[in-house]
Amino acid sequence: MNPHESAAGTNYLNAELGLRSWLLTKDHKRIAILYLLSVSFFFLVGGLFAMMIRLELLTPAGDLMEHDTYNHVFSAHGIIMVFFFLIPAIPAILGNFLIPIMIGAKDLAFPKLNLLSWYLYMFAGTMALTALLMGGVDTGWTFYPPYSSNFSHSNVVLVGIAVFINGFSGILTGLNFLVTIHRMRAPGMTWFRLPLFVWSQYATSLIFVLGTPVIAITLLLLVGERLFHIGVFDPSLGGDPVLFQHLFWFYSHPAVYIMILPSMAVISELIACFSRKRIFGYNMVAFSSIAIAVLGFLVWGHHMFVSSQSVYAGTVFSLLTMLVAIPSAIKVFNWSFTLYQGSVSLETPMLYALGFIGLFTIGGLTGVFLGTLGFDVHVTDTYFVVAHFHYVMVGGTLMGYLGGLHFWWPKMTGRKYPEFWGKLSALLVFVGFNLTFFPQFILGYLGMPRRYHVYPPEWQVLNVMSSAGASVLAVGFILPACYFLWSLKYGEIAGRNPWRAKGLEWEVPSPPPTFNFEVPPVVTEEAYNYAGGLEPRPTGLASAKTH
Amino acid sequence: MESALTTAEPTHLAHQFDSLEQQQQTATLGMWFFLAQEILFFGGLFMTYLLYRWRDPQAFQAGSYTLDIRFGMTNTLVLIASSFTMAMAVRSAQTDRIKALVRYLVATGFFGVTFLCIKYVEYSDKWHHHHVPGPLFHFAGPMGQRAEVFFSMYFAMTGMHALHMIIGLGLLIWLLSGALRGRYSARYYNPIECFGLYWHFVDIIWIFLFPLFYLIGRHYHGVA
């Protein structure tokens, strides 16, 4: 192990050695690292499928693969990215690592359950990969019947069970977070002294616990239908395929907020630290997270404007969808006001945060377009939709994830990453991302449907731009992987608080000891008290026992 | 906090908690969140049931009439009895009567097994009458295949409920072996309490399943 700077010399990384100590660990920080490795692996797999999609779409003809292969490829991309990367990424890695430390606890409420979540995730992931190797599925990530009913000859059962099991990994993680935030806070850590990261993770966990079981039972019924001919969704067995869509989106729309809320959690921390100001309107930002979680359960019908839903239902869902824009806009405005007259510095995490605000705004506003009943009918199942959710999922979630990873990397490993390369990769990600997905808005508006491997030649220029952008994006993702690994050995020693940030996690050594705190903390001040008289502590070795 | 550590029984206090009281509250809250998750899990099934019943009430009435209300009623009483013994088990643990705790846990398990045996008799009856959905499904009378969706819901919902019973019985055996080894006392009975919450929840699901499948619409049979 590297000679990390730490008060007692031992930390969570070198307290115990050997593979066994990692695979049987109950330490939330080690489990976060396990997730980091496995989630990164699935991101790589999902990314490879994305590259195959973009390669195929480089030319109008279907010259790289058959249409059937293409169906399998985009299904694999969607399933891996949504269920095995986007949903677990920030909660299971950053949330796991940070929530107990941020609230002043020694660990999560249920450490064994936390480890079980990881094993469920790995088991499900292995199962999904096995299914892909056996030929995969061609249903898209949404598993709509009749694509997924008995007409389909692909591995729906295996992938369905994998997503089912993975759902329970998420449910248990969410449950663990909820209970931890309720019961494990340090003395003085009141609800309104919690960092906004914790508020947003709380909202996310609510969706995990209340939404995921619905998709779990839905997929179980789907599997039951294929294995035992229980007729629920297959019309020939007396079922209704549209019911599947209702049940699926009742979870999967809130699941979109499982993906974006943790990213918003990260952004609040980054904006406060690099503006050196308390977040403007703390209470409103906190409540807006809860509002997004609650409203998220009421808008699933906007995925079904063209699925035989009545016009009246469509109008109501359209209206409710607009309401989600309010708490989302509150966040964006409050982050912007935090910047105003702040002492803004542009380190790598802040570049990601600012990128997030811009891209999420575009993604969010096009969400309002799509929530508008009339416009949505025009662009349903076109690349406009694809571009919209990639602006939210990649421009939002992934930017937040990368920003957070850079921000807390020194805390997790005790080493700094090289700032120049960090800024360069942030720039590449931003440019590559926009080049990839902005043309898709135009393509979609022109009418290019999603999920087709051929298209008319007049759309080639825009598709080539998109594929070129995807290559830039890939470089932007590979770079951090390289310099993060490099920094483990050669990075500058970070010290407790390299960013001079506020929050309990910056008062413990980097990397933190196994039980996080040398002395049980007592909290006496609000979050983000950057103006609190005390000059921020200098980087490095200064002893930090203010409590 | 240091003092709390010294007063608590070190064997039962996990490292992440400051006191046994905090540990108990935390575990109980976790169980409640888990039950919230369970409600949504069954909620998908209830939603599906409602939709299909609303769509074809006559088929549901016809299907419902083939279920034997005597079995359903007996099972309801058996589960209510098991809920009572489970509540008494928790009470016994709270008042430190460990022998009574063991007896009540055994009684709870007995009722649980009885329920599953009766369910088995009902299922095999359905099997013999070709009322199990699938290629062999056959339903005599004017409803014909329309009744299949009723039986789909019947097997999906009671099956999922029975699965919860089986998991519960597994947990019960684990608690029972702990109780026999003197693991629980008035100071530490949290696992019993949490299991009790789970067991009552599973019973309540049945309290809804019984009228939905056995009772509603029975008196229409002559008309249909």
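Residues are numbered from 1 along each chain as its sequence is written, while chains are lettered from A and ligands numbered from 1 in the order in which they are written. Because the model is predicted, local features need pLDDT of at least 70 and side-chain atom pairs count only at pLDDT 80 or more, whereas totals for chains, interfaces and linings use all residues.

Chain B contains seven helices and zero strands, where helices (H or I, at least four residues) and strands (E, at least two) are DSSP runs numbered from the N terminus. Its C-alpha trace spans about 75 × 30 × 30 Å along the principal axes. Of the 224 residues of chain B, 36% count as buried; a residue is buried if 20 or more other C-beta atoms, placed from the backbone, lie within 10 Å of its own, exposed if 12 or fewer, and partly exposed in between. Among the contacts in chain B with a separation of 6 or more, 75% join residues 24 or more positions apart, a contact being a pair of residues whose C-beta atoms, placed from the backbone, lie within 7 Å.

Within chain B, helix α5 (residues 98–128) packs against helix α6 (residues 148–180) at an angle of about 155°, with the axes 10 Å apart. Axes are lines fitted to C-alpha atoms, for helices over the stretch in contact, and angles run from 0 to 180 degrees between N-to-C directions. α5(B) and α6(B) are therefore roughly antiparallel, a description given to angles over 145 degrees, against under 35 for roughly parallel, 65 to 115 for roughly perpendicular and oblique for the rest. By class, their contact has 16 nonpolar, five polar and one charged residues. Here Ala, Val, Leu, Ile, Met, Phe, Trp, Tyr, Cys and Pro count as nonpolar, Asp, Glu, Lys and Arg as charged, and the others, Gly among them, as polar. In the loop between α5 and α6 of chain B lies His130(B), a residue other than glycine with a positive phi near 60°. His130(B) is partly exposed, with 13 other C-beta atoms within 10 Å.

The contact between the chains takes 28 residues from chain B and 32 residues from chain A. On the chain B side, α2 (20–55) and α6 each supply at least two residues, and α2(B) gives the largest share, 16 residues. This side has 14 nonpolar, 12 polar and two charged residues.

In chain A, helix α13 (residues 419–446) and helix α14 (residues 460–490) pack at an angle of about 155°, with their axes 7 Å apart. These two helices are therefore also roughly antiparallel to each other, and their contact has 20 nonpolar, seven polar and no charged residues. The loop between α13 and α14 of chain A holds Arg451(A), which has a positive phi of about 65° although it is not a glycine. Arg451(A) is partly exposed, with 16 other C-beta atoms within 10 Å.

The largest nonpolar core has 220 residues, of which Ile80(A) and Ile103(A) touch the most other members. Such a core is a set of buried Ala, Val, Leu, Ile, Met, Phe, Trp, Tyr and Cys residues joined through C-beta atoms within 7 Å.

Two cis peptide bonds remain to be located in chain A. The bond from Pro145(A) to Pro146(A) has omega near 5°, and Pro146(A) is found in the loop between α4 (111–133) and α5 (156–183). The bond joining Ser510(A) and Pro511(A) has omega of about -10°, with Pro511(A) in the segment after α14.

Methods:
Two residues are in contact if their C-beta atoms, placed from the backbone, lie within 7 Å.
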